[in-house]
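The exercises below are meant to be worked through with the sequence and the 3D structure open side by side. Each task is followed by a solution that goes step by step.

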Amino acid sequence: MKPHRFLLALAPLLLAAACASGPFSKTSYPSGDRPDEARAYSDFMIARFAALTNDPQVAARHYASAISSAPEDTGVAERAVFSALLAGDYGVAAGLARRANDAGSEAALVRLVLAVDAIGRGKTDAAIEIIEASDLRAFNRMIARNLEAWSLMASKGAPEAEAMLQQNLTGDPRLDNATLHMIGLVQTAAGKDEAAVTTFDRIWASGARLAVGAETYAELLAARGEPGKAVAILDQFRTEVGVNASLAALKARIEAGEKITPKRLTTRQGAALAMFLPASALMLQTDDDIASVYFVLAIALDPQLHQARTLLGQSLVQGKRPDAAIRVLSEVPASSPFYAVARGQIASTLLSQDRTHEALEVATGALKAKPERALKMQVADLNRALDRHVEAETILTDVIAGDVAEGRKDWRVYFLRGASRERQSNWDGAEADLKEALAIDPHNSNVLNYLGYSWVDRGINLEEGFSLIRQALVLEPQSGHIVDSLGWAHYRLGQYDEAVDLLERAVELLPGDPVLNDHLGDAYWKAGRKKEAGFQWSRALKLNPPADEGVLIAQKLVAGLAAGPSLAGTSAAQ
C-alpha cells in the first residue's frame, strides 16, 4: 500500500484520537503512560496526515509533541518548524527551533530560524556563531551568508560585512545578483554613498533588475543631485519589469521636487531583505507555498516589509489557502505603497472563490481611499466579470486619459475597453481599441485572437482575420481558446469537417469549458453527426455555462440546430 493511502486509511482512527485527547495531552493506559516511541509515532502520524490535508496548524502542534522523543533522523524537528512557519506563526516556530536545538537537531531550517531569532533579539554574535556552525545547502547557505553579513555589520562594522560578501562572489552575474545587491545595501546603510552608486552602476549595467536595488539606486542618485537620471532608472524598471508601487511613489516624490534621503537599513531590515529576495525568486519557480516560510521569517524581522506580505499572500493562494492569504493581505495598512496591490489581491482571491460582489466591494472601497491606477484596473476587471461593461468602460477610459497625460501606452487597457465595448454592441469603438492594442503590442496572442475572431465572426476582413488567429496560434499552440477560434472561423465559413477537427482538439485542451463544448456540438450537428452533437451539448450544459447560454443550449437539445446561412462564399475583402 502506498504511504499516502496508508495514512488516509488511518485517518478516522488518528482524528478520533486527536479529538479525544487534545493536541498536547497524554492518553493514560492501564499500564501507565505510553512509551515515548509510541507517543512520538502517534503524533508524527497525525501531524503527517494534517500536512497532507493542508492543515499546517494541526501539523505543527503534533510535530511539536514528537520533537523530544522522536529520533533526529526522522526529520520531525524540521517538519515541526516548517509547519509552524507555513501556518504563519513565527513565535511558535522560534520556540520549536529552540526546543529542537536542545534536542540536538542540526536541521537546516531549524538553524536558519535560530539565526533569525538571534538577529531579532539583537544577538548578532550569536547569529554569526549559529551560521558558522551550520552545514547548509545552496539555497539556505546563500540566505545564511547574507544574514551573517548583516550581523557582521552590526557587530564589527561595514568593512567586515562587505569583505565577507565580496568573498562570496563567483563571477557569474546570475549567481552574484543577490550578493551584489546586498553589498550595495550594506554600503548605503554605512553611508558610503559613492561606493554604493558604483556598485549599483555595475548591477544595472549587468541587466539585473530588483525593485529594492532600483529604489536605493534612484534614491542615491536623487540625493546627490541627479533627479533626471534617477527618474530614468525608475522608468526603465517599469518598462522592463512592470509597475512597482514603491517605485511609483518614489518617482512621484522626485518629480514633485521633494528632498530625497537614501534609506539606511537597520540590521533587522537588511536581514529581512536577505530572506525576502531569494524567497521572491523561489516563488516564481514553484507552484506551491514553500516560499511562504521564508516570507514569514522576513516579516518577523521587518514587520514593515509590506511587499513581503503581498508575496506571502500570493504564495498562500498558490498553496490553495485563500483564507490565510486574505488574512495576511488584510494586514497591509492604507498608508503603505502596497495597499492598493494588497486590496487588489484580496479582491482577486475572493473572485476565485466566486465571491464576486464581495470582491467588487473590497476593490471599490480601496479605490475611494486611494484612487491608484492599479486599483482602477482591478475594479474595471471586476465590473467586467459581473457583466457591468458600462461601468468598466468608464473606469478604463479614465485610466487611458491618465496614461496619455503620463506618456504611457498599455495594450491591456485598450484591449479590455475594446472587449467591454464589444459586449455593448459598440463594434466601431471596440474595433478601434483592439487595433490600438495591436499597434502597441503586435505580437500579443490575446489581441491577435480576439480581433481576428471578431472579424471572422462578423463576416468581415476574413483573410486578415484568419491570418491574425493563425499568428496567435503560432505564439500559443497549446491554447484551447485560440484553437477554438480557428475552428469556429472554419465553422462560420461552412467548412464543417475542418471545424470539427480543430474544435475536437480545443476540447481536448480545455475539456471543462462549456463554450468550447457547445461549439463542438454545433460543428457535429452541421457535419451530420447529430447523436454526437447531442452528447456534446449535454456535456456543455453540465459544465454550468452562463444562464443565457444555458437556455440556448437546452433549446438545441430539444430542437436541434436551426438551419441558417454560413459565411461560405463571403468575400474576404469585406
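**Exercise 1. Confidence along the chain**

Over which residues does pLDDT stay under 50, and how many contacts beyond four places in sequence does the model have for them?

Solution. This is a predicted model, in which local features need pLDDT of at least 70 and side-chain atom pairs count only at pLDDT 80 or more, while totals for chains, interfaces and linings use all residues. Residues are numbered from 1 along each chain as its sequence is written, and side-chain values use heavy atoms, with hydrogens and water left out. Begin with pLDDT, the predictor's confidence in each residue, from 0 to 100, and with contact, which means heavy atoms within 4.5 Å. Residues 1-35 stay under 50, and the model has 27 contacts beyond four places in sequence for them. A further stretch under 50 covers residues 568-574, with 11 such contacts.

**Exercise 2. Elements and cores**

Name the elements with the lowest and highest mean pLDDT, then describe the nonpolar cores.

Solution. Helices (H or I, at least four residues) and strands (E, at least two) are DSSP runs, numbered from the N terminus; the chain has 31 helices and 2 strands.

Next, take burial, where buried means under 20% relative accessible area, exposed over 50% and partly exposed in between (1.4 Å probe, protein chains only). Of the 574 residues, 50% count as buried. A nonpolar core is a set of buried Ala, Val, Leu, Ile, Met, Phe, Trp, Tyr and Cys residues joined through side-chain atoms within 4.5 Å. In the largest one, of 96 residues, Val81, Leu85, Leu147, Trp150, Met275 and Phe276 touch the most other members. Apart from this core lies another of 67 residues, including Phe415, Leu451 and Trp537.

**Exercise 3. The second largest pocket**

Which helix gives the most residues to the lining of the second largest pocket?

Solution. On a 1 Å grid over the protein atoms alone, a pocket is an open set of points where a 1.4 Å probe fits, with protein on both sides within 12 Å along at least five of seven lines, and lining residues have an atom within 4 Å of a point. Grid points are joined across faces, edges and corners, and a volume is the space filled by probe spheres set on the points. The second largest pocket holds about 1,500 Å³ of space. Among its 36 lining residues, Arg423, Tyr453, Val515, His519 and Glu549 are the closest to its centre. Helix 25 gives the most to this lining, with 8 residues.

**Exercise 4. Three individual residues**

Is Lys435 buried, partly exposed or exposed, and which residues does Lys435 contact beyond four places in sequence?

Solution. Lys435 lies in helix 24 and counts as partly exposed because its relative accessibility is 43%. Leaving aside neighbours within four places, Lys435 is in contact with Leu451 and Trp455.

Asp354, however, has a positive phi of about 60°; Asp354 sits in the loop between helix 19 (339-352) and helix 20 (356-369), and is exposed because its relative accessibility is 69%. Ser425 has a positive phi near 65°, is placed in the loop between helix 23 and helix 24, and is exposed, with a relative accessible area of 69%.
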